[in-house]
Amino acid sequence: MIEAILLSLGGLVGLAIGGELLVRGAVGIAQKLGVSTLFTGLVIVGFATSMPEMVASVQASLAGSPQIAWGNIVGSNLANTLLILGVSALVAPIVLSGSGRRDAVVALAATLLLWGLALAQIGGVWIGIALLAGILIYIVWRYRNPGAAAEEDDLDEAPSNGVIAGILFVVGLGILVAGGDALVTGAITLATIFEVPETVIGLTVVAVGTSLPELAASIAAALRGKSGLALGNVVGSNIYNILLIGGTTMTIAPFALPAELAGLQMALLTASAAGLLALLWYAKSIGRVLGALLVAGFAANVVLVFA
C-alpha cells in the first residue's frame, strides 16, 4: 500500500511540474515562431494545460481502466468550476464582463452531450472521432471570432530563447508521461486495496491531481490582480476536457461511459455549467462568499462520492 501511495503522490508531483514546464515551453516556442498571442492563448496554452488530464486519461485507457479516465474528465471539470473558480474568488473577487458567454454556452452544450452519452450508455470509435472533430471546429470558430475582449493568458514568464523553450517542452512532456503512468498505476492499486470503484478514484484523486497546474496558475493570477483569467481558463479547460480528452479516451477505449456517472455526478456537472453561464449573464462578479460556497460544494461532493 505504501508503494501505491508513493506512486500516486509522485505522479501528482510529476503532473504538476511537467505541466508547468510544458506550458512555458509551448508558449516560448509559439512566440519564437511569431504565432499571434490569441492563437497562443487559445490553442497552444489551452492544449498544453490540458495535457495532465490527457496523459492520465490516455494512460488509464491503455491500462484497461477507462473508468478512471472518464472519472478524471468529469471530476476535473467539477474541480475547475467549483474548486479552482472558488479558490480564485476567495483570493480576489472575479469581475464578470460577459465576454466569456459564448464559450460558456459551448461548455454547457458539451456537458449536455456527455450526459446524453452516459444516459444512453453508448460508445464507439465514431463518437470519439466526432468529439475530436468538435474541438477542431471550436478552435477554428474561436480563432476566427475572437470577440471584442478575448481572454489572453499571462505569457510574461515564457522563455524568449527558442532552444530553452524546446528543452522545457520536451522535458515537461517526459515528466508528464512518467507522472501520469505513476499516478494511474498507484490509483488502480489503491482502488484494488480499498475496494473502491475506479470511477471514484478518477473523480477524486486523479481529477484533483491533474487540476493542480490550473489551480496553481489561477492562484498566481489572482495574487497578481488578474483573477479574471481564471474564468477563461476554467471554461476553456472544461471544453477541452470533454471534447479533446473525452474524444481521445473514447477513440482508444470505445466503450460507454461508466453508468455510475450518469446520475448525480453528471447532474452536478451540468448544474455547475449552467450556473456559470447564468452568472455570466446576470452577475457582475463572483465574490468571496460565493467562492467559499463553491469550494464547500466541491468538498461536500468528494465526501459524498466516497460515502
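In which helix does Asn80 lie? Asn80 lies in helix H4, and the points below set this residue in the context of the predicted model.

1. Basis of the note. The structure is a predicted model, in which local features need pLDDT of at least 70 and side-chain atom pairs count only at pLDDT 80 or more, whereas totals for chains, interfaces and linings use all residues. Residues are numbered from 1 along each chain as its sequence is written, and side-chain values use heavy atoms, with hydrogens and water left out.

2. Overall architecture. The protein contains 12 helices and 2 strands; helices (H or I, at least four residues) and strands (E, at least two) are DSSP runs numbered from the N terminus. Along the sequence the pattern reads α-α-α-α-β-α-α-α-α-α-α-α-β-α. Of the 307 residues, 50% are buried, where buried means under 20% relative accessible area, exposed over 50% and partly exposed in between (1.4 Å probe, protein chains only).

3. Surface and contacts. The accessible surface comes to about 12700 Å², and 72% of it belongs to carbon and sulfur atoms; areas come from the Shrake-Rupley method with a 1.4 Å probe, and for residues only the protein chains shown count as cover. Among contacts (heavy atoms within 4.5 Å) with a separation of 6 or more, 91% join residues 24 or more positions apart.

4. Nonpolar core. The largest nonpolar core has 70 residues, and Val74, Leu85 and Ile135 have the most contacts inside it. Helix H4 (residues 66–91) gives the most to this core, with 13 residues. Such a core is a set of buried Ala, Val, Leu, Ile, Met, Phe, Trp, Tyr and Cys residues joined through side-chain atoms within 4.5 Å. Beyond its neighbours within four places in sequence, Val74 touches Leu114, Leu203, Leu261, Gln265, Met266 and Leu269.

5. Gly75. This residue also lies in helix H4 and counts as buried because its relative accessibility is 2%. Gly75 and Gly202 are 127 residues apart in sequence, yet their C-alpha atoms are 7.0 Å apart in space. With neighbours within four places in sequence left aside, Gly75 is in contact with Leu203 and Ala207.

6. Asn80 is buried, at 1% relative accessibility, and its side chain joins that of Ser237 in a polar contact of 3.1 Å. A polar contact is a pair of N or O atoms within 3.5 Å; within protein, one must be able to donate a hydrogen and the other to accept it, and residues adjacent in sequence count only if both atoms are side-chain atoms. Ser88, likewise placed in helix H4, is buried at 0% relative accessibility; the side chain of Ser88 reaches the backbone oxygen of Ile84 at 2.8 Å.

7. Helix H7. At the start of H7, a side-chain oxygen of Asn161 comes within 2.8 Å of the backbone nitrogen of Val163. Glu195, which follows H7, has a positive phi near 55°.
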